[in-house]
Amino acid sequence: MEPSQVRNADEIRTLGGTLLGIDPALVDGVVQPTATWLAQDGTRFALKILDATPRSENDFFLLNLARARSEAILTTGAILREEPGVTHALSGPGNLPEALADWRRSSLGLKELPLLVVLSSGRGLDPEHPAFRAPVRPVLFVPEEAADELARRFRGLAEIAAAPTTGSREAVAWLLSQGANRISVEAGPSSARALYEAPGMIDELWRSTYLEHELLGDVIGPRVEVPGEGSVAETTGGRVVREPSGDWRFERLRLG
C-alpha cells in the first residue's frame, strides 16, 4: 500500500505497521522522525530540505504519522527560517490528512490540537510564518529576558513559556511536566544531539534512509551521530521500498 492509497484509520495502522514493524498506536514517549542518507563508507548524513533533495512519499507519511500521534511537536526557530512554508498541519496526498486525523481520534483518543513548541532565542522569529496560523497550539519556549518583547510581538498568535535555560532537553522536560506523553521532535542534528546524551530523552527514532550512492553535495546536511552500541534496545521494520527517487529503508529504533 502507498500513502496516496490510504483511505481510513485502519489503513493508517496497516501502512504504519508495515514501515515501523509495530502498530503505531502502541508507540508512546518521545519520537524523532528523521530522513538521512547513508554514504558508501557508512557515514550517515541528514538531508536538507531543498528542491533537489530526493523525496520519499513514505518518509513524508511517517513524519505526518508522528505528528498525528503527538500531543506536542517540538521544533526550532531555525527550522521555521529554513522552511518558510511548513505548518505542521497533517498533510499528504488524497484522503491521507483526514485518515490521519481519524486515526488520531479513534486509536489514541486525542481530541485537542497538539502543542507546537518552538525552541528559539526569539531573534529572527517571524510572526507572519504560517506555522503560527496552522491548526496547532503554538508555544514559544524562549529565554526569560526575551519573554516580554516576544509576548508583545506574538500577542494572539502564540503562548510564551520562558525559562532560564532553553535547550532541547529543557524543552522536552517542560513538555513532560505539562503532561505531554507523546512528543514528536522535528529538529536538526545540532539541536537534537543533546537529547541523545545520557540520560537519553529520545525513546524512539523513526529513521528513513536514502540508499542510493549518488547524491548532490548541496542537499547533504550535517553528519548524524548513530546511536551508540548498547543504546538501541530494539529495531523493527527495516523495509526497503523502491520509490521514484530511488531505494529507501524505513526502520524504528527503540532506545533504552
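Mentor: Contact here means heavy atoms within 4.5 Å. The model under discussion is predicted.

Trainee: With which residues is E186 in contact, leaving aside its neighbours within four places in sequence?

Mentor: By that criterion, E186 is in contact with L63, R67, I73, L74, T75, T76, I79 and H88. E186 itself lies in the loop between β7 (182-185) and α7 (189-192).

Trainee: Why is E186 called buried?

Mentor: Its relative accessible area is 11%, and buried means under 20%; therefore E186 is classed as buried.

Trainee: What makes the pairing of the E186 and R67 side chains a polar contact?

Mentor: The two side chains are joined at 2.8 Å, and the cut-off for such a pair of N or O atoms is within 3.5 Å. The pair is accordingly listed as a polar contact.

Trainee: How do you know that the buried residues of α6 line one face of the helix?

Mentor: In α6 (residues 168-177), S168, A171, V172 and L175 are buried. Seen down the helix axis, the buried residues fall within an arc of 95°, so they line one face. An α-helix has 3.6 residues a turn, so residues three or four places apart point the same way.

Trainee: What covers the buried residues of α6?

Mentor: The cover includes β1, β3 (72-76), β4 (115-119), β5 (137-143), β7 and α7.

Trainee: Which residues touch the most other members of the largest nonpolar core?

Mentor: They are I12, F61, L65 and W103, in a core of 31 residues. Elements giving two or more residues to this core include α1 (9-20), α2 (57-68) and α4 (96-108). A second, separate core of 23 residues includes L115, V139, A171 and L205.

Notes: Residues are numbered from 1 along each chain as its sequence is written. This is a predicted model: local features need pLDDT of at least 70, side-chain atom pairs count only at pLDDT 80 or more; totals for chains, interfaces and linings use all residues. Side-chain values use heavy atoms; hydrogens and water are left out. A nonpolar core is a set of buried Ala, Val, Leu, Ile, Met, Phe, Trp, Tyr and Cys residues joined through side-chain atoms within 4.5 Å. Buried means under 20% relative accessible area, exposed over 50%, partly exposed in between (1.4 Å probe, protein chains only). Helices (H or I, at least four residues) and strands (E, at least two) are DSSP runs, numbered from the N terminus. A polar contact is a pair of N or O atoms within 3.5 Å; within protein, one must be able to donate a hydrogen and the other to accept it, and residues adjacent in sequence count only if both atoms are side-chain atoms. The arc is that of the directions from the helix axis to the C-beta atoms.
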